[in-house]
Amino acid sequence: MPALVEARNLHKVYRADGVETPALRGVNFSARRGEFTAIAGPSGSGKSTLLHLLGGLDLPTEGEVWLDGERLDDKGAVARARLRLWKVGFVFQAYNLIPVLTALENAAFVLELRGLPARERSERARAALAELEMEGYASRKPNQLSGGQQQRVAVARALAAEPAVIFADEPTANLDSKTGRALIEYMKRLNREKGVTFIFSTHDPRLLEHVRRVVHLEDGRIVGEEERG
């Protein structure tokens, strides 16, 4: 099976005030459809940078990024944004919900950008919220939700769009143990039952216990990999 996501010899160097800071140093990575994979490593190892490059949010200094058979890094900003809109879902540490929108409107936001009719996007957003047991909070705005509830809305937004892959950047980092475990179980079930591909960045042992593949990143380099059944 061909790779759904692939990085070839990725380098990323950040430059500020004449100082160069390497974040990735020759990373090669690939993932197939249906994977439930973690990119693990300490803070500063390059995990978030790698996810941002794989999802086309940023461009590498050197190397290639491929998504579902299309090369990302040689496209302009508009073309990358369009590809992300149709192929990629993101779940960020900070949730990135729109404060003035309700949970339902946030969950439907990507579908609105795609131009789907109001009824269809509402139905799909409600179904995604229901998957995460958030249908009772559909009319609440982010400031009326707990951190765990906001994170579930962020996951619902990604799921409603039915992307090829969901990138989740430290999805449990800001959650208490109970909420974190619940979110992990939800994502596992969606991966198992619906075939949703998840690629996480994390150093959370609660999440690492449940993934089927762990790629270890240190100082911008992949230093090991393990399969977990």
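This is a predicted model: local features need pLDDT of at least 70, side-chain atom pairs count only at pLDDT 80 or more; totals for chains, interfaces and linings use all residues.
**Second pocket**

I began with the lining of the second largest pocket and sorted its residues by class: seven are nonpolar, one is polar and four are charged. I then wrote down who sits around it: Arg124, Ala127, Ala128, Glu131, Leu159, Ala160, Glu162, Pro163, Leu190, Lys194, Gly195 and Val196.

Which helices each supply at least two residues of this lining? I found helix 5 (118–131), helix 6 and helix 7 (177–194). Helix 5 gives the most, with four residues.

**Helix 5 against helix 6**

With those helices in hand, I looked up how they pack. The axes of helix 5 and helix 6 come within 8 Å, and I have their crossing at roughly 130°. Angles over 145 degrees would count as roughly antiparallel, so I call helix 5 oblique to helix 6. The crossing of these two is right-handed.

Next I listed the contact. From helix 5 I have Arg124, Ala125, Ala128 and Leu129, and they meet Val153, Ala156, Leu159 and Ala160 of helix 6. By class I count seven nonpolar residues here, no polar ones and one charged.

**Helix 6 against helix 7**

How far apart are the axes of helix 6 and helix 7, and at what angle do they pack? I have 10 Å for the distance and about 15° for the angle. Angles under 35 degrees count as roughly parallel, and helix 6 and helix 7 are therefore roughly parallel to each other. Helix 6 passes helix 7 in a right-handed crossing.

On the helix 6 side I wrote down Gly148, Gln151, Arg152, Val155 and Leu159; they meet Thr179, Ala182, Leu183, Tyr186 and Leu190 in helix 7. This contact divides into six nonpolar, three polar and one charged.

**Largest pocket**

I moved on to the largest pocket, which holds about 340 Å³ of space. Its lining has 14 residues, and I marked the closest to its centre: Val88, Phe90, Phe92, Val110 and Arg157. Two or more lining residues come from each of helix 2 (77–87), strand 6 (88–91), helix 4 (109–113) and helix 6 (147–160). By class I get 10 nonpolar, two polar and two charged residues for the largest pocket.

**Cavity**

How many cavities of 30 Å³ or more does a search of the whole structure find? I got one. The largest cavity has about 30 Å³ of space. Around it I noted Leu53, Gly56, Asp58, Leu59, Pro60, Val65, Leu72, Asp73 and Arg80. Sorted by class, these are five nonpolar, one polar and three charged.

Definitions and conventions:
Residues are numbered from 1 along each chain as its sequence is written. Side-chain values use heavy atoms; hydrogens and water are left out. On a 1 Å grid over the protein atoms alone, a cavity is a set of points where a 1.4 Å probe fits but cannot get out, and a pocket is an open set with protein on both sides within 12 Å along at least five of seven lines; lining residues have an atom within 4 Å of a point. Grid points are joined across faces, edges and corners, and a volume is the space filled by probe spheres set on the points. Ala, Val, Leu, Ile, Met, Phe, Trp, Tyr, Cys and Pro count as nonpolar, Asp, Glu, Lys and Arg as charged, and the others, Gly among them, as polar. Axes are lines fitted to C-alpha atoms, for helices over the stretch in contact, and angles run from 0 to 180 degrees between N-to-C directions. Angles under 35 degrees count as roughly parallel, over 145 as roughly antiparallel, 65 to 115 as roughly perpendicular and the rest as oblique. A crossing is left-handed if the near helix is turned anticlockwise from the far one by less than a right angle, and right-handed if clockwise. Contact means heavy atoms within 4.5 Å.
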